[in-house]
Amino acid sequence: MNTLFSLDGRLSVCASYVRKGTSLADVGTDHAYLPIWLAKNGLISSAVASDIRIKPLKAGEENIKKYGVEDIVKTRLCGGLDEVEPEEADDIVIAGMGGEMIVKIIDNASWLKNSEKRLILQPMTKMHELRSYLCENGFEIKSETPCTHGGKYYTVICAEYSGETMSFSPSFAYIGKLENNSEYAREYMRSVLSKLHKKRDGTAVSGGDTGEMDAVIKEIREKFGI
Ligand SMILES: C[S@@+](CC[C@H](N)C(=O)[O-])C[C@H]1O[C@@H](n2cnc3c(N)ncnc32)[C@H](O)[C@@H]1O
């Protein structure tokens with residue numbers, strides 16, 4: 001009997017947003033840790049673990065066998081959700097990828113525009129672009145939870161389709177639904193600030209208008225006391 005592993009900080013938060021008994025798609029599954037962990041804990045009814053590359057998918061397949069969850073977790077070699085049918089997944093996790101790639105994957109799967117589907121997204125970069133895309137395309141950001149992994153801070157976004165295009169402030173794209181209620185949130189916002197400062201200084205050097213970025217920086221500093 002193999003003892004079950006623990007999920008890392010990012011994947012634990014993703015798991016916390018998965019609805020009990022759901023059908024899951026884990027896009028870019030790699031080692032398939034998330035669906036295996038959920039299956040072993042009796043938290044999902046089925047899962048498609050997909051990856052665009054054969055090598056990570058094979059690693060995932062080996063782990064699925066090792067933990068004996070072949071009946072629940074199936075693998076799929078495909079880009080994004082290209083080979084996943086809408087009936088196969090109500091909760092969709094896309095974790096450990098750049099925000100732009102996550103946007104592409106969502107944009108290529110029109111069946112996600114359904115209020116019964118839940119998107120659980122953990123971008124490594126370009127979180128502001130992902131939030132902007134969601135708001136502009138009728139996906140409501142329900143909640144966000146900061147997390148840490150490998151000494152870095154990230155956010156996990158939970159979104160569902162409402163069909164309403166949401167108008168949002170420039171600062172919302174950077175802060176999202178995060179609140180000043182934990183050290184993780186403050187650390188995450190410190191990392192956002194540091195990137196924003198670099199971007200702002202680059203814009204200033206090239207003679208661009210930094211007004212909007214200055215306002216966002218000020219709002220983040222005030223809201224998070226950093
Ligand atoms: C850094 S790993 C993340 C693994 C896991 N989701 C996690 O968060 O720990 C990214 C995985 O996504 C896969 N990937 C990258 N682009 C993809 C795409 N467009 N569709 C499906 N999988 C993709 C890669 O092959 C890789 O296995």
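This is a predicted model: local features need pLDDT of at least 70, side-chain atom pairs count only at pLDDT 80 or more; totals for chains, interfaces and linings use all residues.
Domain bounds, as used in these legends, come from an automatic or database domain assignment.

**View 1. The shell of residues around the ligand.** There are 18 residues around the ligand, and of these Gly28, Asp30, Pro56, Ala95 and Gly96 come nearest. Several elements each supply at least two residues of this shell, namely helix H1 (9–17), strand S2 (44–51), strand S4 (91–97) and helix H4 (99–107). The largest share, 3 residues, comes from S4. By class, the shell around the ligand is made up of 8 nonpolar, 6 polar and 4 charged residues.

**View 2. Helix H2 and what covers it.** Helix H2, which runs over residues 33–40, is mostly covered, since 7 of its 8 residues are buried. The buried residues of H2 are Tyr33, Leu34, Pro35, Ile36, Trp37, Leu38 and Ala39. Their cover includes H1, strand S1 (22–27), S2, helix H3 (54–66), strand S3 (73–77) and S4. Just after H2, Gly42 takes a positive phi of about 65 degrees.

**View 3. The largest nonpolar core.** In soluble globular proteins, nonpolar side chains tend to be buried together. In this model the largest nonpolar core has 61 residues, of which Cys14, Ile36, Leu38, Ile92, Val93 and Ile120 touch the most other members. H2 gives the largest share of this core, 6 residues. Domain 1 (9–168) and domain 2 (179–226) both give residues to this core, so the core lies between them.

**View 4. The surroundings of Ile120.** Ile120 is one of the residues that touch the most other members of the largest nonpolar core. When residues up to four places away in sequence are not counted, Ile120 touches Cys14, Tyr17, Val18, Asp91, Ile92, Val93, Val156 and Cys158. Among these partners, Cys14, Ile92 and Val93 are themselves listed with Ile120 as residues of the core that touch the most other members.

Key: Residues are numbered from 1 along each chain as its sequence is written. A residue is near a molecule or strand if its C-beta atom, placed from the backbone, lies within 6 Å of it. Helices (H or I, at least four residues) and strands (E, at least two) are DSSP runs, numbered from the N terminus. Ala, Val, Leu, Ile, Met, Phe, Trp, Tyr, Cys and Pro count as nonpolar, Asp, Glu, Lys and Arg as charged, and the others, Gly among them, as polar. A residue is buried if 20 or more other C-beta atoms lie within 10 Å of its own, exposed if 12 or fewer, and partly exposed in between; C-beta atoms are placed from the backbone. Two residues are in contact if their C-beta atoms, placed from the backbone, lie within 7 Å. A nonpolar core is a set of buried Ala, Val, Leu, Ile, Met, Phe, Trp, Tyr and Cys residues joined through C-beta atoms within 7 Å.
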